[in-house]
Amino acid sequence: MATQIQQAERFLALHSGPDPLLLPNPWDLGSAKLFASLGFAALATTSSGFAATLGRLDGKVTRDEALAHAAAIVRATDLPVTADLENGYADSPADVAETVALAAGAGLAGCSVEDFTGREDDPIYPAPLAAERIAAAAEIAASGPIRLVLTARAENYLHGRPDLADTIARLQAYQEAGADVLYAPGLTSLADIRQVVTSLDRPVNVLALPGGPEVSELAAAGVRRVSVGGGLAFAALGAVADAARELRERGTYGFMERAAAGRTAARAAFT
């Protein structure tokens, strides 16, 4: 396998290709191997998808669990992996920096840190503290032999604060603090996404959402990366739930046709 240094360099370079980097989010080793077999160039962990494998909701995974999971995904394929580290599992900049150092030790090529506090009554860190947290993360990401690709996330739109001006100001501050990639999950308006892209000098990641622009439209708007968060994980769970209901409520086996396709994909991915 490529060295971690090479993986990090490769991951950063993928943000400068002719097309946006399509970044699927595996939730376990099997899905990581499957996505690699389908030709994706890099992978990203999903906090919500991984939490679901433990029977939990998003935000209910510990730092140790998330890092162990990320390390397992790294070992599953030869692709660069970036990890969703939520809010760094900490409030203080120093503790966020410690989390990023541990991420480097897990073999990752990159990681993301968000400005969601984890508290629904006060969901977003004050802007100055949020920027300090990214600065502390960026210092660690850039200081070791592994130059981790740091993604900084502005979470306003996921937590009832659809304030585009504040979101852009935060992303600009995170850019100045040293982030390599900027990300405001929850944006679905192509005009808003264009405004974000043109306001920044770093690659922008967009979360694929129902009703949002297609990849071709995002590419034309200058978006450099598209991820799906827990989308694929919950699509898989939705298919399982539908199949189980069919068996329980109708006693039929129509789901076996889809199961055959999955079995074929697994054989191709796991051999």
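## Pockets and salt bridges

Six elements each give at least two residues to the lining of the largest pocket: helix H3 (47-53), strand E3 (81-84), strand E4 (110-114), strand E7 (204-207), strand E8 (225-227) and helix H10 (231-250). Please keep in mind that this is a predicted model. Strand E3 provides the largest share of that lining, with three residues. The volume of the largest pocket is about 710 Å³. Its lining has 38 residues, and those closest to the centre are Ser47, Asp58, Asp84, Glu114 and Arg153. By class, the lining of the largest pocket holds twelve nonpolar, 17 polar and nine charged residues.

Now to the second largest pocket, with a volume of about 580 Å³. Here 22 residues form the lining, and Ala236, Ala239, Val240, Arg258 and Gly262 are the closest to the centre. Helix H2 (29-37), H10 and helix H11 (256-270) are the elements that give two or more residues to this lining. Which element supplies the largest share of the lining of the second largest pocket? That is H10, with eight residues. The lining of the second largest pocket is made up of 16 nonpolar, three polar and three charged residues.

Helix H11 also contains methionine 256. Together with Leu247 and Tyr253, Met256 forms a nonpolar patch on the surface, with about 340 Å² of accessible area in total. Methionine 256 counts as partly exposed because its relative accessibility is 45%.

Let us turn to the salt bridges, of which the whole structure has eleven. Three of them are listed here.

| Salt bridge | N to O distance |
|---|---|
| Aspartate 91 and arginine 119 | 3.6 Å |
| Glutamate 114 and arginine 153 | 3.6 Å |
| Arginine 170 and aspartate 166 | 2.8 Å |

What do we know about the surroundings of these pairs? Glutamate 114 is in strand E4 and arginine 153 in strand E5 (residues 149-153), so this pair ties together parts that are 39 residues apart in sequence. Are glutamate 114 and arginine 153 buried or exposed? Both are buried.

Arginine 170 and aspartate 166 are four residues apart in helix H7 (residues 164-176), so about one helical turn separates them. Arginine 170 counts as buried at 4% relative accessibility, whereas aspartate 166 counts as partly exposed at 22%. Elsewhere, salt bridges with shared partners join Asp84, Glu114, Arg153 and Glu155 into one network.

Conventions. Residues are numbered from 1 along each chain as its sequence is written. This is a predicted model: local features need pLDDT of at least 70, side-chain atom pairs count only at pLDDT 80 or more; totals for chains, interfaces and linings use all residues. Side-chain values use heavy atoms; hydrogens and water are left out. On a 1 Å grid over the protein atoms alone, a cavity is a set of points where a 1.4 Å probe fits but cannot get out, and a pocket is an open set with protein on both sides within 12 Å along at least five of seven lines; lining residues have an atom within 4 Å of a point. Grid points are joined across faces, edges and corners, and a volume is the space filled by probe spheres set on the points. Ala, Val, Leu, Ile, Met, Phe, Trp, Tyr, Cys and Pro count as nonpolar, Asp, Glu, Lys and Arg as charged, and the others, Gly among them, as polar. Patches are made of residues with over 30% relative accessible area and no salt bridge: like charges are joined within 9 Å, nonpolar side chains (Val, Leu, Ile, Met, Phe, Trp, Tyr) within 5 Å. Accessible areas come from the Shrake-Rupley method with a 1.4 Å probe; for residues, only the protein chains shown count as cover. A salt bridge is a side-chain nitrogen of Lys or Arg within 4 Å of a carboxyl oxygen of Asp or Glu. Buried means under 20% relative accessible area, exposed over 50%, partly exposed in between (1.4 Å probe, protein chains only).
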